[in-house]
Structure formats: C-alpha cells, structure tokens
Amino acid sequence: MQRPPPMEDFSLKETKPHLGGGKVTGDKLTSTYDLVEQMQYLYVRVVKAKDLPPKDMTGSCDPYVEVKLGNYKGTTRHFEKKSNPEWNQVFAFSKDRLQASMLEIIVKDKDLLKDDFIGRVWFDLHEIPKRVPPDSPLAPQWYRLEHKNGNKIHGELMLAVWMGTQADEAFPDAWHTDAATVGGSDGLANMRSKVYLSPKLWYLRVNAIEAQDLIPTDKTRFPEVFVKAVIGNQMLRTRISTSKTINPMWNEDLMFVAAEPFDDALILSVEERVGSNKDELLGRCVIPLQYVDRRLDHKPIVSKWYSIEKHVVIMEGEKKKEMKFSSRIHMRICLEGGYHVLDESTHYSSDLKPTAKQLWKQNIGILELGILSAHALSPMKMKEGGRATTDAYCIAKYGQKWVRSRTIVDSFTPKWNEQYTWEVFDPCTVLTIGVFDNCHLVNDKNGGGGVRDSRIGKVRIRLSTLETERVYTHAYPLLVLHNSGVKKMGEIQLAVRFTCSSLLNMMNTYSLPLLPKMHYIHPLTISQLDSLRHQATQIVSVRLSRAEPPLRKETVEYMLDVGSHMWSMRRSKANFLRIMGVLGGLIAVGKWFDSICNWKNPITTVLIHVLFLILVLYPELILPTVFLYLFLIGVWYYRWRPRHPPHMDTRLSCADNAHPDELDEEFDTFPTSRPNDIVRMRYDRLRSIAGRIQTVVGDLATQGERFQSLLSWRDPRATALFVMFCLVAAVVLYVTPFQVVALLSGFYVLRHPRFRHKLPSVPLNFFRRLPARTDCML
C-alpha cells in the first residue's frame with residue numbers, strides 16, 4: 001500500500017524578526033521604521049557632468065554614465081551632443097550582493113559600433129560614509145575624471161556616494177540591483193514601489209418625474225414613453241409611463257456610480273416604444289456632473305426643468321431643412337454624499353465612511369504594516385533556457401489607499417522590508433494584502449494585452465481582532481484555490497501594529513451603525529447594491545490601470561473579491577457547516593436540558609430544582625443571575641483567548657476535501673463553457689440541493705403559518721378551542737399568583753421520567769394539526 005501524501009501546513013506561524021535593526025533612535029525613526037528589518041544599501045547619485053571632451057570636430061559627445069560594482073552594472077540615459085549633461089539618477093546596490101571592494105563609475109560616449117571611454121571615478125567601499133535618516137541628504141561633489149592609465153583628464157562628474165538603509169528617501173525611485181536583468185524603461189517602471197489612491201466615488205441619483213410637450217412620431221396612437229439615462233458604460237431606463245399622453249409621468253429613481261474627476265456627462269434621452277424591438281428618440285440633453293447638486297442628508301433637493309432637443313431633417317422640394325424641436329423634462333438629480341459607495345465585499349470591507357468628507361468622524365488610530373519577506377514561493381513562470389522563476393511583489397489595500405511594493409526579480413525568498421501607514425476610522429474593517437508575480441518586466445511589443453500578473457495568494461487581517469499597541473509578527477500561508485484543489489504557494493512574513501489614539505472614541509464606534517445613516521433612512525435594494533458594486537469595481541480597476549506604473553485589472557479585481565458572488569458547491573457546503581456550527585451550541589444546550597429533565601444526573605437535576613425555586617420566589621434575581629453567569633463564562637474563557645489574528649481556514653472553507661468536479665464547476669466561466677452532458681449533470685445536482693433547501697424553507701414557513709392560523713379562523717374549531725383556552729387561562733392566571741404558575745410549570749417540565757409518556761404532548765399535537773398554506777400550493 002502507498003503511503004498518503006503528507007498534508008501541507010496551512011497554519012499561521014508566529015515569527016521573531018529583528019525589527020528596526022536593533023538601532024532605533026529618535027522619534028522619527030521609531031515611529032516610521034520599526035516594523036521592518038534594516039537592509040543596507042550602497043547609494044550612488046549621479047547628478048551631472050561638465051566640460052566633457054568632444055569626440056569629433058563638432059565639439060560635442062553623446063554621454064552616459066555606467067555604475068559598475070562587480071558583476072552588477074547600471075547605466076543612465078544618454079544625451080545627444082551635449083557636453084554638460086544632467087542625469088540626477090540614483091543607483092542602489094544591496095550590501096548582501098556586494099561582489100567587489102571597489103566602485104567604478106565610468107563616463108562613456110554612445111556610439112553605434114562601440115561606446116567610447118571618456119573617463120572614470122574610483123571609490124573604495126571601506127571609505128564610503130554612512131547616512132541614517134533623519135540626517136540631511138549627502139551633498140554631491142565634483143570629481144575629476146581620470147583615464148584608464150590613471151592620469152587626470154579634462155572633465156568633471158558630480159556625484160554623491162553613501163551607505164544607507166531602505167529608510168533613505170532616495171530608495172523608492174532608485175535603480176536596484178534587482179533591475180540588472182530587466183530591460184526597457186517600462187520594465188523598470190513596473191518594478192518600483194508606489195502608493196495609489198482610489199477615485200472618490202459618488203452615488204448619482206436621477207429622479208425622472210415628468211415630461212411636457214413631447215412630439216410623438218405617430219400621432220394616431222397613444223405614446224409609450226420612457227426615460228433612458230447613460231453615464232460612461234452605465235445605462236438604465238425607467239418603466240413605460242402609465243399616463244400615455246404627450247405629458248407622461250414616471251417619478252422613478254435611477255442610481256449610478258460616478259467618480260471624480262467627472263469626465264463623463266449624464267446623457268438623458270426620452271424615447272418612445274414604437275415596436276417590439278424598436279425605440280424612437282423624442283429628445284435628449286447632456287448634463288455635466290460638476291454642475292449637479294450634492295446632497296449630504298435625506299432632505300429633498302429642488303427639482304429642475306431641462307430642455308430636451310430633437311433635430312429633424314425635413315425635405316422641402318429638393319432642399320433639406322433642419323428643424324429643432326424642444327420639449328421639457330422635470331428631473332431631480334443629485335450626487336449622494338451621505339452613502340458609502342461599496343466597491344468591496346461587505347464581509348471584507350476596509351472603508352465604511354460616507355463619500356462627503358464633511359460627514360467623516362475623527363480617526364481613532366493608526367494602522368502600520370511592515371511587509372518583510374516571503375519564503376518558499378512556488379515557481380510561477382519559465383524563463384529562457386527552461387529555468388523556473390518568480391518575480392514577486394505585494395499589494396496592500398485599506399480604505400482608499402493602495403500600496404504596491406517593489407518587485408524582487410528572480411527570487412523564491414524575496415525580502416521587501418517596506419512599511420506603510422493608514423488612518424483608521426473604524427476598527428471593524430479588514431486589511432487585505434495580496435502577493436502577485438510580475439509578468440510585465442519585459443517590454444511587450446503587443447502592449448501587454450495578453451499578459452496577466454499571476455496571483456500567488458492573499459491575506460486578510462481584521463483590525464478588531466488585534467490588540468492595540470501590540471506588534472504582530474507572523475508568517476501567513478499564501479493559499480490559492482485551483483482546479484486541482486487548494487495549494488500553498490508559500491508564506492509571507494508581515495508585521496502589523498494597530499495604534500489607538502483615543503480609546504473612548506474607539507469604544508464609541510461599537511455603538512454606531514456600521515454604514516452611514518443614509519443606508520438606513522433611504523436603503524437601497526439588494527439588486528441595486530449588487531449592480532452598483534459591480535460598476536464601482538469596474539471604475540476603480542479602470543482608473544488604477546491608468547496609473548504609472550499601473551495596477552492591473554486582474555490584481556484589483558482579485559483584491560476586491562469581484563467573483564465572490566458566483567455559485568460554488570464548496571461555498572454552499574461551507575456555509576451549511578457554518579450554520580450547523582452556530583446551531584451546535586443551541587443543540588448542546590438542548591441536549592443538556594433534556595438530560596436534566598430525564599434525571600440522568602440526579603444531583604445536577606436537584607441543584608437545578610433548587611436554583612429554579614429560588615429564581616421563581618425571587619424573580620428580581622433572574623436577570624442579575626443571567627448576566628453574572630455570562631460574566632463568569634467570559635472570565636473563564638479568557639485563559640484560552642486567541643493570541644494570533646485569524647487567517648483563512650482551509651477546513652472551514654471545505655477547500656481541503658473538495659471534489660474535483662465541484663472545483664471545475666467553481667472555476668467555470670459564466671456563461672458555462674463545458675459540454676452539455678456535464679452541464680446537465682451539474683444542473684441535476686443543483687436541483688437536488690435546491691430541493692433540500694426548498695424543503696427546509698418550506699418547513700419554516702409552515703410553522704410560521706400555523707402560528708398565524710391560531711386566530712385567523714381558517715380552522716373554526718381549532719380557533720374556537722384556542723380562544724376558549726385563552727379565556728380560561730386569563731381567568732386562572734388572574735386569580736393565581738405568578739410564582740405558583742411558574743413553579744408548577746417548571747416542576748412539570750422537570751418531572752421524573754416515570755411520569756413521562758413517549759407520545760407527543762397535547763399542545764404539540766394541537767399545533768401540528770393547525771392548517772398552513774401548503775395545501776394552496778400548486
């Protein structure tokens with residue numbers, strides 16, 4: 001027999017990195033760079049040159065600078081026919097990769113056949129000074145160039161050379177040794193770390209009220225008129241007016257998502273339905289969004305009349321005459337600033353603030369994230385020669401701020417050691433970190449249209465699960481679900497700290513609604529929220545893909561969980577098990593109470609009788625006893641409180657034992673691309689599962705309808721019996737003390753098994769005989 005393959009370790013691991021390098025001094029350094037490990041770099045700033053010797057009779061040259069350290073070589077851009085060029089470029093060489101003791105900086109002349117040597121400057125690495133922020137930047141100096149034979153020549157080069165860390169302000173835009181194998185300016189731009197901001201999103205409410213003086217195309221019939229509104233790639237239309245006249249009325253709201261700056265205008269058109277698939281334009285108008293009123297609360301804004309125009313060409317003999325007809329439409333249009341535009345899944349939202357900044361509350365703290373390193377990353381692509389490689393970078397998203405780390409080229413154990421900070425307005429939010437493989441490091445002649453950055457994994461951290469002022473350092477497994485099942489793609493090491501500025505303000509947020517109050521005063525429907533969220537994610541992905549370097553659409557959609565609403569057999573099983581886990585506690589309490597009633601442990605049952613007797617005789621002790629019991633339970637469980645932030649659970653997600661066909665169904669396209677027999681089998685399976693859900697929902701509805709039929713006289717005899725029972729019970733309870741009724745009821749429930757019957761009780765029999773509306777179902 002073959003041994004089963006070893007199970008992958010999907011657990012969270014606590015780590016102890018050497019944060020801050022052990023030399024944290026000063027307030028600025030402590031507050032900014034204490035969540036990452038120090039990395040030493042050799043920086044070379046090439047500023048400019050002057051008085052370079054000419055290469056020919058024209059008196060000019062095409063200079064550029066080559067910075068060489070061992071096998072690593074970085075070059076500046078070159079200038080044509082310029083003796084005093086300015087580059088102002090920075091080169092950074094990792095101390096871990098230093099392969100020589102001398103730094104050579106060479107000025108060359110660009111030539112088609114062979115670049116000519118102009119001069120060079122030497123530096124001994126042992127003599128290079130060190131710089132630690134917040135010290136001021138090192139001032140560049142002029143250095144005389146020398147020939148290969150060591151003689152000084154005409155021409156000078158302005159340089160600054162120093163040893164520093166990744167805390168240096170020159171670090172983000174510097175050329176790194178990782179870029180030695182990357183070609184082209186586009187590839188270098190795609191390597192650098194950047195900070196992005198999501199566009200400011202608004203809900204646009206378009207309320208079509210009525211129109212006047214329409215000119216229908218066919219005056220012999222009643223016009224069927226509707227309003228169509230278009231903004232960008234979003235299009236909605238109202239229902240056809242019930243008043244089929246030239247003055248139709250709708251009073252219907254249309255909701256859109258708009259992003260600042262408002263590049264797209266709102267286009268309104270009034271159209272008439274003249275056939276089954278044919279509409280005739282009656283007039284249109286264009287409304288720029290920057291002139292639309294902005295609403296911050298639920299108070300209605302002033303409505304306006306807009307002129308809608310239609311241009312018609314009329315033939316008069318052999319001449320064409322253009323006529324313009326003008327009608328009016330009554331609209332109420334506003335940008336809603338009191339809502340939060342949902343562009344993420346509500347379960348993993350990182351921002352809950354309303355759009356209007358005037359409605360924002362004061363921040364409650366600061367979130368600091370240190371992206372340290374990754375380990376044992378899976379190979380993601382093949383290079384020339386058949387060698388597997390991974391060019392990993394990270395994206396972190398919280399609120400409107402996205403951050404992208406630099407790309408570490410050709411490494412399965414990349415080290416970033418970059419730190420970022422966010423303001424926190426609500427602790428019940430989630431920080432999302434994604435790891436991707438950069439597939440855009442080589443200039444693509446086709447524009448990169450067919451190349452997509454591969455996902456390596458994702459981590460979510462809910463801020464409310466973090467203790468304030470504590471630094472969490474853990475190695476998170478990077479899990480990705482493939483057609484073949486869940487796979488661990490490596491581990492990412494993070495350092496997280498949530499700092500609270502006001503404990504009172506943070507505690508107060510737990511008493512406030514999760515979303516802005518407009519979501520509760522004027523709620524949007526589920527279908528509206530789904531459609532608006534889809535439009536918001538599309539707008540965000542398009543805007544971020546236009547940045548430089550761009551955040552690709554596939555990475556943005558992965559971070560925003562765009563496909564999380566699609567059907568999945570695995571998720572259905574996982575949600576069912578979650579429900580059973582929630583109900584497991586109630587079921588356990590029910591079993592415990594049943595064992596008490598059946599006297600399986602007589603001592604416990606007698607103690608319950610005594611407690612029950614005390615609570616009935618002194619009812620004022622019931623609520624204090626309940627809350628005291630909950631307090632003692634909470635204190636008892638404090639010893640087993642979680643010490644690590646929660647992470648994605650493969651067992652909870654049913655990802656470790658999912659059937660291959662279920663995974664293939666989950667990754668299928670929409671609409672499906674599978675053969676008909678497979679689709680038929682999956683459809684039959686879905687019908688069977690839906691039948692079970694339908695049965696459960698029907699049973700719940702039946703019990704509710706039986707409660708309603710107690711007084712509905714649908715069964716006259718049952719209702720008469722219940723009404724008479726209520727009258728007798730009212731009289732008996734009026735003359736009998738409450739303690740006596742409670743004691744008799746409790747002792748009856750806790751009676752010994754010898755006084756019990758196996759048949760259902762009379763009240764249960766009566767309830768099961770009540771009619772429901774199931775007999776009215778087709």
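Mentor: Let's start with charges and rings: a charge sits over a ring if NZ of Lys or CZ of Arg is within 6 Å of the ring centre and within 35 degrees of the ring normal. Here the charged end of K50 sits over the ring of W142, 4.4 Å from the centre. R404 has its charged end over the ring of Y393, at 4.3 Å from the centre. Mind that this is a predicted model, where local features need pLDDT of at least 70, side-chain atom pairs count only at pLDDT 80 or more, and totals for chains, interfaces and linings use all residues. Residues are numbered from 1 along each chain as its sequence is written, and side-chain values use heavy atoms, with hydrogens and water left out.

Trainee: And how do I read a pair of aromatic rings?

Mentor: You describe it by the distance of the centres and the angle of the planes. Rings of Phe, Tyr and Trp (its six-membered ring) pair if their centres lie within 6.5 Å; planes under 30 degrees apart are stacked, over 60 edge-to-face, and the rest tilted. That rule gives 13 aromatic pairs. Take Y43 and W162: their ring centres are 5.3 Å apart and the planes are at 15°, so the pair is stacked. Y43 lies in strand 2 (residues 40-50) and W162 in strand 9 (residues 152-165), so the pair ties together parts 119 residues apart in sequence. Strands (E, at least two residues) and helices (H or I, at least four) are DSSP runs, numbered from the N terminus.

Trainee: Are Y43 and W162 buried or exposed?

Mentor: Both Y43 and W162 are buried, meaning under 20% relative accessible area, with exposed over 50% and partly exposed in between (1.4 Å probe, protein chains only). Y41, Y43, W162 and F171 form one aromatic cluster.

Trainee: Where does Q166 lie, and what does its side chain reach?

Mentor: Q166 is in the loop between strand 9 and strand 10 (175-176), and is buried, with a relative accessible area of 9%. Its side chain reaches the backbone oxygen of E37 at 2.7 Å. As a rule, a polar contact is a pair of N or O atoms within 3.5 Å; within protein, one must be able to donate a hydrogen and the other to accept it, and residues adjacent in sequence count only if both atoms are side-chain atoms.
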